[in-house]
Structure formats: structure tokens, C-alpha cells
Amino acid sequence: MVILSPSILAADFKRLGEQVSRLDKSGAEFIHIDVMDGNFVPNISLGFPVIKSIREITKKVFDVHLMIEQPSKYIDEFIACGADMITIHYEADKHIDRTINYIKSKGCKVGIALNPGTPTCVIKDLIPQLDMVLIMSVNPGFGGQKFIEYSKDKIKEVSLMAKNIGKDLLIEVDGGVDPTNIKSLVECGANVLVAGSAVFKDDKIEENIDNLRKAL
Ligand SMILES: O=C(CO)[C@@H](O)[C@H](O)COP(=O)(O)O
Ligand SMILES: [Co+2]
């Protein structure tokens with residue numbers, strides 16, 4: 001099964017509630033929420049009040065991508081706001097094993113994100129504990145960037161790691177996903193596709209989601 005996870009970073013924040021309602025009625029299974037702190041990445045996006053507000057609009061899976069330093073400090077708040085899946089960056093947490101266990105102990109799904117420059121070998125031994133691995137296919141911080149082609153090799157590597165241990169793992173690709181590359185990403189082993197610009201372009205949310213699905 002291929003899961004679509006529209007990133008609201010690309011939404012029109014003047015009409016965020018209306019657009020999230022449209023996502024709620026769409027065929028997308030997840031909603032990708034990019035949290036940025038201006039330290040781990042050179043951008044600041046949104047936080048607890050926004051997540052709490054849109055949680056009242058939809059029951060879709062909140063796929064929360066934390067691009068923040070010291071993510072372990074905020075796990076309880078993100079869960080309280082309604083996060084269903086929390087993905088932290090390998091590069092942002094020196095005690096990642098402890099944070100993974102804490103997130104799971106709270107009954108929340110857990111993912112690890114890898115920047116384009118981080119090799120997949122660093123998470124090999126963590127895969128048994130994970131629900132998801134997020135492969136960043138752009139440098140984190142902004143939507144609308146160009147897909148980094150070598151991300152496909154990383155998707156294949158993680159897919160093989162999971163297969164070798166018989167692990168049913170979500171493999172999420174995040175950044176520059178559009179109808180021209182989505183099929184090839186699934187063929188590499190991706191099963192969760194994040195799309196921001198490709199979904200919110202020209203406010204044609206429903207049509208753009210259908211086009212992504214048709215391109216598979
Ligand atoms: O985490 C990030 C960016 O750091 C992504 O989730 C982007 O928000 C995806 O946007 P597009 O590349 O699909 O426009
Ligand atoms: Co993201």
C-alpha cells in the first residue's frame with residue numbers, strides 16, 4: 001500500500017483550516033506536519049497551537065516531522081497536541097535510542113529522519129525498534145526544492161535492510177516528490193510519499209492528489 005502524506009508547510013496559512021478540511025476529505029492517508037525551530041534548520045514554521053487546532057478538524061494520521069534540536073524535550077507536548085507519528089532527526093539527538101523508547105512507551109509511532117548527507121548505515125541497528133524511516137530527498141528547511149537523485153539509492157538501502165530482517169517498515173520520502181518521480185520512488189521501496197508543493201500548487205489540492213495517485 002502506498003501512503004500519501006501532504007505537507008502543510010506548502011499550505012496557504014491564511015486558509016489553513018479550510019485546506020486541512022479538504023485534505024480530510026481527500027484520498028491522502030496522512031498529513032505531514034513540518035516543525036522547524038530555526039536552529040536545526042534555517043527556518044521557523046509552526047508549533048503546538050497550530051497542531052492542536054487542526055487536530056480538531058481531521059482524524060487523519062498526523063505525521064509530525066521534527067526538524068528541531070533536542071526533540072526529546074518536547075515529545076509529551078507533541079503527543080498531547082495529537083501527533084500519531086513522531087519523526088526525529090538522527091542528527092539532532094545524541095541519545096536517540098532513549099528518545100525512540102520514550103516515544104514508543106507513550107503509545108506513539110516513531111520514525112527516524114536522515115538528512116541527504118547522512119548515510120543509511122547509521123540506523124541499521126535501530127530499524128527493529130522503528131515504525132518508519134524518513135529519507136530526506138532535499139536539504140531540510142524549505143518546501144519547493146529539487147529532488148536529490150541519490151536519495152533513491154538510500155531508499156533501496158533501507159528497504160533491503162528492512163527486508164533482510166523481515167521488518168515491516170514504513171519508508172517515507174520527503175522533498176521534491178511529484179508526479180514525475182513518485183512511481184520510481186515506490187519502485188525503489190518507498191511506501192510513504194510526502195508532497196507539499198505538488199499537492200498545494202494552484203490550490204488544486206484534490207486534483208493534485210489524484211494526479212499523484214494516477215502517476216503511481
Ligand atoms: O521537511 C520538509 C522540508 O524540510 C518537507 O516536508 C517539505 O515540506 C516538502 O515540501 P515539497 O518539497 O514537497 O514542496
Ligand atoms: Co517534512
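The model is predicted, so local features need pLDDT of at least 70 and side-chain atom pairs pLDDT 80 or more, while totals for chains, interfaces and linings use all residues. Residues are numbered from 1 along each chain as its sequence is written, chains are lettered from A and ligands numbered from 1 in the order written, and side-chain values use heavy atoms, without hydrogens or water.

**Stop 1**

Next, select His65 in strand S3 (residues 61-67) and Asp174 in strand S7 (residues 170-174); the pair ties together parts 109 residues apart in sequence. Strands (E, at least two residues) and helices (H or I, at least four) are DSSP runs, numbered from the N terminus. His65 is buried, at 0% relative accessible area, and Asp174 is buried at 7%. Buried means under 20%, exposed over 50% and partly exposed in between (1.4 Å probe, protein chains only).

**Stop 2: the salt bridges**

A salt bridge is a side-chain nitrogen of Lys or Arg within 4 Å of a carboxyl oxygen of Asp or Glu; by this rule there are eleven. Select Glu29 and Arg213, whose closest N and O atoms are 2.9 Å apart in a salt bridge. Glu29 lies in the loop between helix H1 (16-25) and strand S2 (30-36), and Arg213 in helix H8 (residues 205-214), 184 residues apart.
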